[in-house]
Amino acid sequence: MTFKKKYGNTALVAGASEGMGAAYAHALASRGLDLVLIARRKGPLEEIAQQIIEQYGVKTLPITCDLADADATQQIIHAIGDMPIDFMVYNAALSYIGPYLATGLSTHTDIAKVNMLTQMGMLHYFGGKMVERGKGGIVIMSSIAGFQGSGYLSTYAATKAFNRVLAEGLWYEWKPKGVDVIACCAGATATPNYINTKPGKASPLEPKPQLPEQVVEECLRKIGTTPSFISGSGNKFVSFLMQHIFSRKKAVEMMGDGMMTMYGIKG
Ligand SMILES: NC(=O)c1ccc[n+]([C@@H]2O[C@H](COP(=O)([O-])OP(=O)(O)OC[C@H]3O[C@@H](n4cnc5c(N)ncnc54)[C@H](OP(=O)(O)O)[C@@H]3O)[C@@H](O)[C@H]2O)c1
């Protein structure tokens with residue numbers, strides 16, 4: 001069965017104007033799905049939408065919306081109208097790098113809004129509609145940073161743990177109702193957002209960053225087979241060491257020490 005036959009005609013990608021979200025948009029359009037694309041910046045979003053129309057001949061609906069807005073889900077529902085969403089990728093995330101106390105509380109709460117609260121609203125509405133129709137697919141972007149406390153990335157990493165655990169719970173609840181949910185736990189990936197942080201090398205164990213397209217293709221192959229997965233063999237290996245060989249204390253220390261080295265942070 002083709003991907004489109006299995007899931008339906010229309011996909012929504014939240015956080016679609018660059019990086020992993022743009023790669024999801026291309027991958028889904030190449031499978032013949034029409035797209036609803038969401039991001040804050042109108043210019044880059046419309047550029048991606050136009051590229052996709054020209055390259056794949058599918059329809060696109062770009063929606064500019066800040067997912068940190070308290071009514072973001074309502075804004076999106078209003079812009080979409082009654083068009084059914086058959087496949088959803090919640091890709092956007094806010095992050096910060098640095099000491100918890102050097103970052104204002106409003107940044108921490110914005111991270112919670114984008115990475116968790118709006119995600120829950122969209123899962124409740126669009127996931128609920130998929131469950132009613134007995135068909136659909138949902139990707140939630142998580143990160144291996146969420147497998148343990150990650151100093152100098154503490155709030156972001158905590159939301160990524162939330163993303164994975166929520167996706168796994170919904171995978172269990174919605175699988176018998178015909179809706180596949182998966183958490184994609186990526187490691188370092190060469191997106192503009194990641195490259196702009198100018199990361200140094202954390203440790204000799206650190207795998208080479210993946211390309212967004214590699215993460216996305218692995219995810220679209222895995223959905224329907226597992227509640228969550230770690231992208232790339234290097235990340236799978238390092239995560240195995242961190243979760244099963246080293247103690248929890250050692251894993252937390254290694255993450256924090258790695259962040260200090262990568263970004264020249266003084267404790
Ligand atoms: N890159 C990595 O190394 C890495 C590693 C592990 C996990 N991940 C996860 O993979 C996902 C994608 O990461 P990424 O590096 O591609 O970049 P990202 O910065 O998380 O996402 C970029 C996309 O999201 C949009 N976006 C960001 N904040 C938004 C907001 N408040 N409202 C609406 N749209 C928003 C951006 O467009 P606008 O700026 O136009 O809004 C852009 O299209 C995230 O969930 C991240 O946690 C990434």
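Let's start at F3. F3 counts as buried, because its relative accessibility is 15%; buried means under 20% relative accessible area, exposed over 50%, and partly exposed in between, with a 1.4 Å probe and protein chains only. A word on the source: this is a predicted model, where local features need pLDDT of at least 70, side-chain atom pairs count only at pLDDT 80 or more, and totals for chains, interfaces and linings use all residues. Residues are numbered from 1 along each chain as its sequence is written, and side-chain values use heavy atoms, with hydrogens and water left out.

Back to F3. Which helix holds F3 and Y7? Both sit in helix α1, residues 3-7, four residues apart, about one turn of the helix. Helices here are DSSP runs of H or I with at least four residues, strands are runs of E with at least two, and numbering goes from the N terminus. Y7 is buried too, at 2% relative accessibility.

Now the rings. Rings of Phe, Tyr and Trp (its six-membered ring) pair if their centres lie within 6.5 Å; planes under 30 degrees apart are stacked, over 60 edge-to-face, the rest tilted. That rule gives four aromatic pairs. One of them is F3 with Y7: tilted, 4.9 Å centre to centre, 55 degrees between the planes. F3 also pairs with F87: the centres are 5.1 Å apart and the planes at 55 degrees, so this pair is tilted. It links distant parts of the chain, F3 in helix α1 and F87 in strand β4, 84 residues apart. F3, Y7 and F87 make one aromatic cluster.

Next, the core. A nonpolar core is a set of buried Ala, Val, Leu, Ile, Met, Phe, Trp, Tyr and Cys residues joined through side-chain atoms within 4.5 Å. How many residues are in the largest one? It has 35, and those with the most contacts inside it are Y24, L28, L37, F87 and V139. Helix α2, residues 19-30, gives the most, with eight residues. Apart from it lies another core of 28 residues, among them A14, I63, I85 and L170.

Last stop, S239, in helix α9, residues 233-245. Is S239 buried or exposed? S239 is buried, at 5% relative accessibility.
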